[in-house]
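Please look over the chain below before reading on. The paragraphs that follow go from the whole protein to its sheet and then to a single residue.

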Amino acid sequence: MLPKHRTRVRFPHSAPVMTQKFQRKIEDFDCENCGTRVLGTGFTNHCPVCLFSKHVDIYPGDRAEKCGGLMEPIGVELERGKYIITQKCLKCGKIWRNEASAGDDISQFLVGLL
Ligand SMILES: [Zn+2]
Ligand SMILES: [Zn+2]
């Protein structure tokens with residue numbers, strides 16, 4: 001006689017097989033100006049401490065620029081309730097405007113605005 005129900009063999013302790021390495025889309029980087037470890041959020045590529053970033057974008061986020069120079073913050077403006085950081089590339093002189101992120105230390109630039 002065949003059993004009515006087949007017995008399933010279970011492996012209670014088997015874990016799912018990891019076939020892929022976890023890939024991080026958000027980039028962490030070390031600030032080349034002050035050495036701060038910057039945890040990427042996916043929205044910002046500038047250092048929250050000194051506000052420097054790198055000249056790597058032609059359009060925001062595209063990483064298509066080959067320059068790679070350090071972008072120095074030269075000022076902060078208040079525009080429609082948002083702080084905009086103006087940066088200048090120390091290598092090629094390109095002016096770049098960046099919306100400040102929550103947590104950015106922009107106090108050093110606010111003195112002139114208040
Ligand atoms: Zn920095
Ligand atoms: Zn540049």
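What percentage of the 114 residues of the protein count as buried? The share is 13%, where a residue is called buried if 20 or more other C-beta atoms lie within 10 Å of its own, exposed if 12 or fewer, and partly exposed in between, with the C-beta atoms placed from the backbone. This is a predicted model, in which local features need pLDDT of at least 70 and side-chain atom pairs count only at pLDDT 80 or more, while totals for chains, interfaces and linings use all residues. Residues are numbered from 1 along each chain as its sequence is written, and chains are lettered from A and ligands numbered from 1 in the order in which they are written.

The protein contains 1 helix and 6 strands, these being DSSP runs numbered from the N terminus, with H or I over at least four residues for helices and E over at least two for strands. Read from the N terminus on, the elements follow the order β-β-β-β-β-β-α. Of the contacts in the protein with a separation of 6 or more, 24% are between residues 24 or more positions apart, a contact being a pair of residues whose C-beta atoms, placed from the backbone, lie within 7 Å.

Four of the strands build an open sheet in the order β3-β4-β5-β6, with antiparallel pairing; two strands pair if DSSP finds at least two bridges between them. Because β3 (53-54) and β6 (95-99) each have a single partner strand, they stand at the edges, and one side of each is left without a neighbour in the sheet. The antiparallel strands β3 and β4 are joined by 2 bridges, and here serine 53 stands opposite methionine 71 in β4.

Between β4 (residues 70-79) and β5 (residues 82-89), which also run antiparallel, there are 8 bridges. Among the facing residues, valine 76 stands opposite isoleucine 85 in β5, and glutamate 77 has isoleucine 84 of β5 as its bridge partner. In a regular strand the side chains alternate between the two faces of the sheet. β4 and β5 form a hairpin with 2 residues between them, and arginine 80 in the turn has a positive phi of about 45 degrees.

Is glutamate 27 buried or exposed? Glutamate 27 is exposed, because 12 other C-beta atoms lie within 10 Å. The C-alpha atoms of glutamate 27 and asparagine 45 are separated by 8.3 Å, although the two residues are 18 residues apart along the chain.

Conventions. Contact = placed C-beta atoms within 7 Å.
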